[in-house]
Amino acid sequence: MADAHSPLAQFEIKTLMPLDLGGVDASFTNASLIMAVVVGLVTLFIVAGMNKATIVPGRFQGMVEFFYEFIANLLKENTGPKGKQFFPLVFSLFMFILGCNLIGLFGAITVTSHIVVTFALAFMVITVVTVVGFMKHGTHYFSYFAPAGAPMWLMPLMIPLEIISYLIRPISLSVRLFANMVAGHVMLGVLGTFVVGLGGLFFALGAIPLAAIPLIFALEVLVALLQAYVFAILTCIYLNDAIHLAH
Amino acid sequence: MPQFDPAIFSPLLVWLVLTFVALYLLMSKLALPKVAAIIDQRAERIEGNLAKAEQLRAEAAGVLAAYEKAIADAKAGAQAELAKAGADIAAETAKREAEFGKRLAEQTRTAETRIKAAKTEALAQVKAIATDLAGGIAGKLTGAGVDANAAGAAVDAVVKERA
Amino acid sequence: MELEAAKMIGAGIAALALGGAGIGLGTLFGSYMEGAFRNPEAQSKLKVNPMLAFALIEATGLFGFVIAMIILFG
């Protein structure tokens, strides 16, 4: 597989402590550590920000409230008042993905650049959406696949298309996040090897890719924020579809 | 790519589930209610302040209306007072004028009667003096005594002629 | 043809998908600029949606990138 200098080496999972839970490999790895750290940081961020909370917020509290209001508004705009019960879910998803994306840019392994992780998150979202749809509408939820207003003779075409697009949602949702994270980190890794390679060839040449790294890094910070936002907003949109049976 | 190595799937999934469930529980039970509480409190405070401000505004409007009414009342009172005073003065003036005119007319009348009396008296005296004078002058001229009655009759005739 | 060489060629072709993403992003930001210049007051209101579209469009190109990576290293 990838050797130590490959741009893919940064995605390697290293087992820190082997662990076996009833035949299932549950080793504590560097990814587990980072996920736990993200959970700890997110919780600390909010709890510390809300410690000694006042009516007129300070800077730290204002930051926490900014995230809260941001997700609350996102949910309200996209799902209406009925989506309020999913606020903890969307907020946790957003903060978890954002934390993993950002912490990955600062040297730690990027958990969200693992397709298993992103697919598990996307699969969970789609499961929740489907369960909510069936709980709210019962078998009437199947009418979701037959768009109202489409002519009858189009139905044989429309229904399979709708089912495929519904089933492909977890894939597109997970691959979008995964691909963005991998691409950014591979790009940074390739530029890093260029710095070493060109600098070894002739010292000043190494400066060219080195100058590009901060730019790519800034773009990656933007992408990290955007992908967390996109994941959250798509979750809201899917939830809205399930709650209101609307396209 | 290391991501497609099936050996890493199960530890990643197990720890993802553990950590994400932990995050979800921490968020929904511990962290988010705190934020929600303070935001609700703030919204309540703002609403309360708005309600209070509205109430104060209504009160101020009431006070202003009362003040304006008091001013209007005072103005009306003052106007009524002024009108009454004006009417009083006019009435007094008219009364005084009437009294003065009456007194003036009375005085004029008494003066006129006095003048008339004085005139007739003067005229009578003029006649007596004229008779005396005429008798005296005629006696001196003629050297004979003239009858007083005849002189009087002559003066009368002359006065009548002249008048 | 050797398998290794074919893989390289296939990965290169798969990476062409990013060209489509480039065209899409060009269209997106071109339209955004046009709208922003026509109606400068609305500029701040128009800022969020292009960012969302940027993320969505970029992702379609990156699907091709993922295919290339799978061919090369998968």
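**Close-up views of a predicted three-chain model**

View 1. A:Ala31 counts as buried because 29 C-beta neighbours lie inside 10 Å; the term requires 20 or more other C-beta atoms within 10 Å of the residue's own, with 12 or fewer meaning exposed, values in between partly exposed, and C-beta atoms placed from the backbone. This is a predicted model in which local features need pLDDT of at least 70 and side-chain atom pairs count only at pLDDT 80 or more, while totals for chains, interfaces and linings use all residues. Residues are numbered from 1 along each chain as its sequence is written, and chains are lettered from A and ligands numbered from 1 in the order in which they are written. Helices (H or I, at least four residues) and strands (E, at least two) are DSSP runs numbered from the N terminus. Neighbours within four places in sequence aside, A:Ala31 is in contact (C-beta atoms, placed from the backbone, within 7 Å) with A:Ile13, A:Ile109, A:Val111, A:His114, B:Leu12 and B:Trp15. A:Ile71 is 40 residues from A:Ala31 along the chain, and their C-alpha atoms are 26 Å apart.

**View 2. The contact between chains A and B**. Chain A contributes 37 residues and chain B 30 residues. On the chain A side, strand E3 (24-25), H1, H2, H3 and H4 each give two or more residues, and H1(A) gives the most, with ten. This side has 28 nonpolar, six polar and three charged residues, where Ala, Val, Leu, Ile, Met, Phe, Trp, Tyr, Cys and Pro count as nonpolar, Asp, Glu, Lys and Arg as charged, and the others, Gly among them, as polar.

**View 3. The largest nonpolar core, with 79 residues**. Such a core is a set of buried Ala, Val, Leu, Ile, Met, Phe, Trp, Tyr and Cys residues joined through C-beta atoms within 7 Å. A:Val90, A:Phe94 and A:Ala232 touch the most other members. Elements supplying at least two residues include helix H6 (207-244) of chain A, helix H1 (9-142) of chain B and helix H3 (48-73) of chain C. H6(A) gives the most, with 13 residues. Not counting residues up to four places away in sequence, A:Val90 touches A:Ile71, A:Leu75, A:Ala232, A:Thr235 and A:Cys236.

**View 4. Chain C against chain A**. Here 13 residues of chain C are in contact with twelve residues of chain A. The chain C side consists of twelve nonpolar residues, no polar residues and one charged residue.

Conventions. Contact = placed C-beta atoms within 7 Å.
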